[in-house]
Amino acid sequence: MSSNFILENPIYFGSLKVSGRVFKTATHETLATDEGFMTDEILEFYRPMAESKLPLIITGNIFVSWQGKSGGKQLALDHDDKILGMKKLADMCHLYGTKLIAQINHGGSQMRSPAEGITDYPVTSTGRLHPTLLGISRSLKLEEFPDLIKSYADAAERAQKAGCDGVQIQMAHGYLISQFLTPGTNRRKDKYGGNAEKRMNLALEIYRAVRERVGPNYPIIAKLNGCDDRPGGVKVEDQIMLAKQLENEGLDAIEITRGHFSTIPSTLSGKWSGFIKRQTQVGMASTFPLWQRLFMRVIAIFFEPFLNHNYPARQGFNVSYAEEFKKALTIPVFSCGGFNDKASMENAVREKRIDAISIGRGLIANPYLFHHLYHPIPQAPVCDYCNLCIGSAGGQLGVGCFNPKVQPDRDRMLKARIFHSS
């Protein structure tokens, strides 16, 4: 491995050669149609990243079935009519040499209410009242598992037909598979609940179905929590056991993250002043009842200082978990979590703590970030982790940078398409 431009060294996910070691991690775009179709806005969000030859883009979570739709304006691969739109994104990425992986997901109970037209409750491992969304869910019935598992395989096949370079199965962040892995949310007494081996059965069965459908050579990666950061959370040794079994069955790479969205902000770090207000004004909570929004505003007075103290911005806050997986696995292990600084990224890879870096907020602030690591330009926008992008997610606005100190430089750079140093 070259020590000079270490982040530009290629890496392999099975048969897939990725040209470098900085990737776009999944972030919900909130830019699809209400039915989940691709839009020009999504293409234009990703185009600058591809233009600057970002090695790999992982899409925001794509719902595998209408039942699994967890948010508004979310991309879908629930029917064949979504293939053409996904092909537009894959073709655009390939035009610039960027690889595209589709993240497939089912929201489980992590939704405020079911998608339009569904009269049933959201489904999960063990029915409950969601602690932050206050939605009621029900336990999946045994006879429902085959169709659920098939929906993942169907979605993966559609991604393959669309020309995506692989799929990522979302097994983290408190979505459906994660709800089965976490003992605090899975209290089943059948084959899908109990000890760690039983709780991982759904994840393994979904992986096997996807692998059988797309074939032995199509890249499949997984996203796993190293830590749930919630009461009754999963143990890292149990997650490593699952990762080793997935590797033994042909998984090609794994991304390590942290937290459940039911315990926001355990998935994040950064600055929190004004975060909850932003959520209730334009973000996911803007649709909550007035009483709940007012209650959130009140607790923000006490809660946001706690967040600023306990979840401050720092580089690579998931690496400590990821390196435990890397010690146990031979497939590539990469990690998201606050990376923004070239030296920190290089050190994490050079020291073999992880194999690659995945970035969300840093690339939202500067879509040309990968190119600028080794070809810097004056006044390039730099994310300061104000979290206004996340505070706005899932609501009235599409993904974007809303930091008044960063956004002007970003807009100026993108308008002039300034990503070259000369």
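## Basis of the description

Helices (H or I, at least four residues) and strands (E, at least two) are DSSP runs, numbered from the N terminus. In this sense A172 lies in the loop between strand 9 (166-170) and helix 4 (176-181), a region taken up again below.

The model is a predicted one, in which local features need pLDDT of at least 70 and side-chain atom pairs count only at pLDDT 80 or more, whereas totals for chains, interfaces and linings use all residues. Residues are numbered from 1 along each chain as its sequence is written, and side-chain values use heavy atoms, with hydrogens and water left out.

## The chain as a whole

The chain holds 15 helices and 13 strands. Its radius of gyration, taken over C-alpha atoms, is 20 Å, close to the 22 Å that the globule rule (2.2 Å times the number of residues to the power 0.38) gives for 422 residues, so the chain is as compact as a globular protein of that length. Along its principal axes, the C-alpha trace spans about 60 × 50 × 40 Å.

Of the 422 residues, 59% are buried, where buried means under 20% relative accessible area, exposed means over 50% and partly exposed lies in between, with a 1.4 Å probe and protein chains only. Among contacts (heavy atoms within 4.5 Å) with a separation of 6 or more, 72% come from residues 24 or more positions apart.

## Nonpolar cores

A nonpolar core is a set of buried Ala, Val, Leu, Ile, Met, Phe, Trp, Tyr and Cys residues joined through side-chain atoms within 4.5 Å. The largest such core has 93 residues, and within it I169 and V210 touch the most other members. Leaving aside residues up to four places away in sequence, V210 touches I104, Y152, A153, A156, V167, I169 and I220. Apart from this core lies another, of 13 residues, including A26, I58, I221 and A356.

An α-helix has 3.6 residues a turn, so residues three or four places apart point the same way.

Just after helix 2, G97 takes a positive phi of about 90 degrees.

## Strand 13 and its partners

From strand 13 (residues 356-359), A356 and S358 point one way while I357 and I359 point the other, and all are buried. Strands count as paired if DSSP finds at least two bridges between them. Strand 3 (residues 22-24) pairs with strand 13 in the parallel sense over three bridges, with K24 opposite I359; strand 12 (residues 333-335) also runs parallel to strand 13, joined by two bridges, and F334 stands opposite A356.

## Two loops

A172 touches S178, K223, L224, N225 and T257, not counting residues up to four places away in sequence. H173, found in that loop as well, is buried with a relative accessible area of 8% and has a positive phi of about 60 degrees although it is not a glycine.

K352 lies in the loop between helix 11 and strand 13; its phi is near 60 degrees, a positive value in a residue other than glycine, and K352 is exposed, with a relative accessible area of 64%.
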